[in-house]
Amino acid sequence: MSRSIQQQGFTLIEMLLSIAIIATLGGLSMPVYATFLARNDLHTNSEAIGAALRRAQVYARAGNEDSAWSVKVQPTALVLYKGTTFSTRDIAYDETTSLPDTLLASGMTDVTFSKLTALPTATGTVTLTANDGSTRTITINTKGTVSY
């Protein structure tokens, strides 16, 4: 009677080959993932800037706190504030949203909406640029329409 011994498991070659395939797939997918993150940051933060501009406009139209309302786009944050100038604002009413380091904001940095009419004192664009070079432009016109 002969017995056949069957061994079960993986050989070292099979394990190394599996690890190499997984590492290759992971290495190839990293640039795609980085591009996805950059576009996601761009989309999310352009939505945040648009929402802050619209909220400031609504607050000004409603005469909230009997004041004009403004939005300041800084390199690291977005601030919705009560008042017409950032330096003389009432900080108790600030609504701050952080911007990620992966984005660079350029263009118009401060927009004030007049009390009751809610018309902007400045028009123009804010351009967000991601690390991968993709951009998103937020535009505000003389009527106060925000588009991106």
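Me: Are Y81 and F86 buried or exposed?
Reply: In this predicted model, Y81 and F86 form an aromatic pair, 5.3 Å centre to centre. The cut-off for a buried residue is under 20% relative accessible area. Both Y81 and F86 count as buried.

Me: Which kind of aromatic pair do Y81 and F86 form?
Reply: The angle between the planes of Y81 and F86 is 75°. Planes over 60 degrees apart count as edge-to-face. The pair of Y81 and F86 is therefore edge-to-face.

Me: Which residue has its charged end over the ring of F86, 3.8 Å from its centre?
Reply: K72 lies over the face of F86, at 5.6 Å from the ring centre. The value of 3.8 Å belongs to another residue, R89.

Me: How many residues of β2 are buried?
Reply: In a regular strand the side chains alternate between the two faces of the sheet. In β2, one side carries A77, V79 and Y81, and the other carries L78, L80 and K82. Both of these faces are covered. The count of buried residues in β2 is 6 of 6.

Me: Which residue in β2 stands opposite S70?
Reply: β1 and β2 form a hairpin with 3 residues between them. They pair in the antiparallel sense over 5 bridges. Opposite S70 stands Y81.

Me: What is the relative accessibility of W69?
Reply: W69 in strand β1 pairs with Y59 in helix α1, 10 residues apart. This pair is edge-to-face, with 4.8 Å centre to centre and 65° between the planes. W69 counts as buried because its relative accessibility is 2%.

Me: Which residues form one aromatic cluster?
Reply: A search of the whole structure finds 3 aromatic pairs. One of them joins Y59 and W69. The cluster includes both of these and a further residue, so its members are Y59, W69 and Y93.

Notes: Residues numbered from 1 in each chain as written. Predicted model: local features only at pLDDT ≥ 70, side-chain atom pairs only at ≥ 80, totals over all residues. Heavy atoms only, no water. Phe/Tyr/Trp six-rings, centres within 6.5 Å; stacked < 30°, edge-to-face > 60°. Helix = DSSP H or I, 4+ residues; strand = E, 2+ residues; numbered from the N terminus. Buried < 20%, exposed > 50% of the residue type's maximum accessible area, 1.4 Å probe, protein only. Lys NZ or Arg CZ within 6 Å of the ring centre and 35° of its normal. Pairing = 2+ DSSP bridges.
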